[in-house]
Amino acid sequence: MRFALIGAGAIGTVHARLIEALGNEAELVAVVDQDLDRAGKLVEQYGGQAFATPAEAYAASSADAVSICLPSALHAENAIEALQAGKHVIVEKPVDISLEAADRLIEAQRATGLTVSVISQRRFQPPVAQIRTAIDTGALGRVTSGISESAFFRPQSYYDGDDWRGTLAIDGGGALMNQGIHALDLLVWMLGRPVQVSAQTGMLAHSGIEVEDLAGASILFESGAIGLLLASTAAYPGRPVRLTIHGDQGTAVLDDDQLAYFASAEGGEPEAPVLEGPDDWGPVELAHLAQYRNFIAAVRDGRAPAVSLEAGRRSLATVLAVYESARLGRPVELKEN
């Protein structure tokens, strides 16, 4: 599959490296950035041709698919442009910063019939797959609760380094929208449809930003299960993601990218899948690569990708409900599109 990369910043560089690691499965044919010098540097390292605009890349390159690696508020509009140019799309998380934008993208995807997937690579980690299998096979019984912890740290320089970071208009949110959304997505994937959120947010360890560096929430799910959420960029020195899922017949804990604890009334833990990739890559990088492989296979086989646009919308809707609840000081109901 031939890819055009839109955005040659830090996350764009990650995606270029992923495409290169796919070997014969993929090729980078175009890199788009309004800073042509920056695009050119990626081209020198990973191949392809540099362009200043997506339209130029679509007209001049042989791209089959597009990877959207731009600031969050630009995701949907650029993904829609790619779909209208006949390209399949991988879009970085979050799908965008508003449900209106996400819904426009969903409408465009349905109209074109092309494949779109939202990055949520942690779903592909072997221990996460083990937990999901335990839920699906009933090894945990009825799922009753879950806890998602993203206790990260970002120095002030992280927000000062780019004009758009920490802004509501472009970044759309802070510790939850941009860091904690990965673990939140896992919580929602495990527990089902959220129906009510009660939350608080704060900005405690940074200055000069418009977004939260701390969010805490209680989430009620349609099944009756309750989820607890912590997302922070104010927890020095930072800890790995921790996810706990409790059921009336078992408990599973993901910690430091490992299945740290598993107990089931039925007995042993599910078998873990094996991810292929460079030997020196970490578990999250290998999972990222696995999502690319899933996307390519979905396009080839004409089936839905493992992480759909609708899944990305549900996670975004939960994030926005956390913000609304914190702003209003009361619980907020969630409704499906």
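# Reading the domains, helix packing and loops

Tutor: The protein chain is divided into domain 1 (2–121) and domain 2 (122–276 + 306–333). Those bounds come from an automatic or database domain assignment. This is a predicted model: local features need pLDDT of at least 70, side-chain atom pairs count only at pLDDT 80 or more, and totals for chains, interfaces and linings use all residues. Residues are numbered from 1 along each chain as its sequence is written, and side-chain values use heavy atoms, with hydrogens and water left out.

Student: How far apart do the C-alpha centres of domain 1 and domain 2 lie?

Tutor: They lie 25 Å apart. Now look at contact, which means heavy atoms within 4.5 Å. Domain 1 puts 22 residues in contact with 24 residues of domain 2.

Student: What does UniProt list for this chain?

Tutor: UniProt positions are given here in the numbering used for this model, feature names are shortened, and annotations may be inferred rather than shown by experiment. The UniProt annotation "domain: Gfo/Idh/MocA-like oxidoreductase N-terminal", from an unreviewed entry, covers residues 1–118. For residues 129–252, UniProt lists "domain: GFO/IDH/MocA-like oxidoreductase", again in an unreviewed entry.

Student: How much helix and strand do residues 1–118 hold?

Tutor: First, the terms: helices (H or I, at least four residues) and strands (E, at least two) are DSSP runs, numbered from the N terminus. Residues 1–118 are 46% helix and 21% strand, and their end C-alpha atoms lie 18 Å apart. Residues 129–252 are 24% helix and 34% strand, with end C-alpha atoms 11 Å apart.

Student: How are two packed helices described?

Tutor: By the angle between their axes and the distance between the axes. Axes are lines fitted to C-alpha atoms, for helices over the stretch in contact, and angles run from 0 to 180 degrees between N-to-C directions. Take helix α1 (residues 10–21) and helix α2 (residues 36–46): their axes come within 11 Å and cross at roughly 20°. That makes α1 roughly parallel to α2. Angles under 35 degrees count as roughly parallel, over 145 as roughly antiparallel, 65 to 115 as roughly perpendicular and the rest as oblique.

Student: Is the crossing of α1 and α2 left-handed or right-handed?

Tutor: A crossing is left-handed if the near helix is turned anticlockwise from the far one by less than a right angle, and right-handed if clockwise. The crossing of α1 and α2 is right-handed. In α1, the residues G12, T13, A16, R17 and E20 meet L42, Q45 and Y46 of α2. By class, this contact of α1 with α2 has three nonpolar, three polar and two charged residues. Ala, Val, Leu, Ile, Met, Phe, Trp, Tyr, Cys and Pro count as nonpolar, Asp, Glu, Lys and Arg as charged, and the others, Gly among them, as polar.

Student: At what angle do α1 and helix α9 (residues 283–301) pack?

Tutor: About 70°, with their axes 10 Å apart. α1 and α9 are therefore roughly perpendicular to each other. α1 passes α9 in a right-handed crossing. From α1, the contact uses V14, H15, R17, L18, I19 and A21; from α9, E285, H288, L289 and Y292. The classes in the contact of α1 with α9 are six nonpolar, two polar and two charged residues.

Student: How do helix α8 (residues 175–191) and helix α10 (residues 309–328) pack?

Tutor: At an angle of about 120°, with their axes 10 Å apart. The crossing of α8 and α10 is right-handed. Residues making the contact include L176, M177 and I181 of α8 and A311, R314 and S315 of α10. By class, the contact of α8 with α10 has eleven nonpolar, two polar and two charged residues.

Student: Where is S145 found, and what is S145 in contact with?

Tutor: S145 is found in strand β7 (residues 143–151). Leaving aside its neighbours within four places in sequence, S145 is in contact with L191, A225, I226, T244, I245 and H246.

Student: Which residues does a cis peptide bond join?

Tutor: P94 sits in the loop between β5 (88–91) and α5 (99–112). The peptide bond from Y236 to P237 is also cis, with omega near -5°. P237 lies in the loop between β10 (226–232) and β11 (242–247).
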